Amino acid sequence: MNLYRRYLLGASVALTVAATQAWCVTLFSDDFTNQTTTNSMWMKTNTTANASTTVNVNGGSLTMDNTGTSVGEFVHYFGANGKPAAFTLSYILKSVEKSPAASTEQPFAGALFCRQSGDYPSGYLLTVSDGLVLVYKVTSTIIGTSVNISTSLISYKQSLDLNSANNKLTVSTNGSSFHIFANDVFQFSFSDNSYGPGDVSMLLFQNTKAVFGNVLVTDEFNPGSGITTFSDDFDDNEIHRYWQRNITAGGTAATITETGGKLRMTAAPSPAAYIYINIDLTDFEASVEVNHVSGELNRPYGFFLVGDNAATQMVKFVITGGRYYAIFKPGDTQYDFFPNPIINGSTSLESTDNLTIKKKDNSNYEFFANGNLLATVGPVNFPIKGIGLLCENDLTIAFDNFYVKQNYQTSVRQNDKRRLSRRAPTVARGHVFYDMRGRKRYAATSAADRTQIRAAGVYVNKNGRDVAVRKGRIVGVSD
């Protein structure tokens, strides 16, 4: 038998979170706690490769070891219940490694969905490898007395949401539209009509040993959506893994740390210091608090927006410790600074400026300091793919309470590294309200003006709207 595989490596970060539905029907599930139960729902196909594949169930794990020269497979047939055209399949890929019999063969295993009828696998394979979430099209072609089993890569994404092991992988589909998730975070979608409804299998290529966890198939279709809100209060002394630091221009690397509840950035004499998150923005609002800690008073610091190419697609919204502001656009050769007494700059060691950028869809960008409009700039000619913070040469700047929100919000990520999904609205009564995990909370009331006092966080009110509360501040309930 001939076997061909292609592996494609690349870099593309996805900062998104999975949307979930409240109700669904379970079509199939197995938690791999009982060998007899598993054997009644799965079976190996009638191939010589499967004769070389062992299958064991113990303590919530399905361990498969393929010492053969072709694929090993464990199949669940939907049978008389029909093969679902719209479904969500999730499974745990605990580990993949070389079989003890392997030489130099790269281990390769995953879940095959939309599996077509026959002894040999044809369908779509969902797996991970080297930090990538990957979907392959698997094709089996009978040529005389031999079978050629080949794979071709359909789509992939380098993911910051993967663990070193024990990854939950999910595909949700309706017809030819497929949405892929890793650990409940949306990664990417693709369209393909090569295969229609089919069965499900756990698939191992030659000389591979893999351990799988809980498998669940429901009748729901959960389309994924990109992340639209990100916040970071820099309180956990560890830089959030979604902050990127790969914008550089040579020279001495900047020092970027999270200490004392703030993000501290120190730029060397050359180049500037940059840190950013990947997020698509059109109609949005972003804010951050900044402190000039040390350095020259004419050096800029603040926000930047970036497209696909940081060298040619970047807009900077900055101030200086000397109480000036500037907006630097593509094509500009230098900063044009303008004074404004609204800016606090470095008037004292405790001086803080709250910087804000606002933009409505297809409109100008507005740059604010401490709630006052500094300047307006027209639209740029590239899509915004990220937003970040910068400080230029010989500066140390402290940042706090970073927040950005795309105004047609569908999902939230916060700096505590938990993924949060919007749940169905829950009606609040009196001083009861609910956080984004559905937990009941209570609000104290200010005697002076009857506004509610809550702990910092993001909550859901009775209309399903989210309410962001900053540290130590009083806010009212928004509709």
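Helices (H or I, at least four residues) and strands (E, at least two) are DSSP runs, numbered from the N terminus. The model is predicted: local features need pLDDT of at least 70 and side-chain atom pairs count only at pLDDT 80 or more, while totals for chains, interfaces and linings use all residues. Residues are numbered from 1 along each chain as its sequence is written, and side-chain values use heavy atoms, with hydrogens and water left out.

**Figure 1. Overview of the chain.** The secondary structure comprises two helices and 40 strands. Of the 479 residues, 50% count as buried, a term that denotes under 20% relative accessible area, with exposed meaning over 50% and partly exposed in between (1.4 Å probe, protein chains only). Among contacts (heavy atoms within 4.5 Å) between residues at least 6 apart in sequence, 65% join residues at least 24 apart. The chain exposes about 21,300 Å², of which carbon and sulfur atoms supply 48%; accessible areas were computed by the Shrake-Rupley method with a 1.4 Å probe, and for residues only the protein chains shown count as cover.

**Figure 2. The six-stranded open sheet.** The strand order is β22-β31-β24-β25-β26-β27, and the pairing is antiparallel. Two strands are taken to pair if DSSP finds at least two bridges between them.

**Figure 3. Strands β25 and β26 with their connecting loop.** Strand β25 (residues 314-320) and strand β26 (residues 324-328) run antiparallel and are joined by four bridges. Within this pair, V318 stands opposite A326 of β26. The loop between β25 and β26 contains R323, a residue other than glycine whose phi is positive, near 75°. R323 is partly exposed, its relative accessible area being 30%.

**Figure 4. Residue N401 in strand β32.** Most residues other than glycine have a negative phi. N401 is not a glycine, yet its phi is positive, at about 50°. The residue belongs to strand β32 (residues 395-406). N401 counts as buried, with 13% relative accessibility.

Figure 5. A search of the whole structure for disulfides, defined as pairs of cysteine sulfur atoms within 2.5 Å, finds zero. C114 is buried, with a relative accessible area of 5%. C391 also counts as buried, at 0% relative accessibility.
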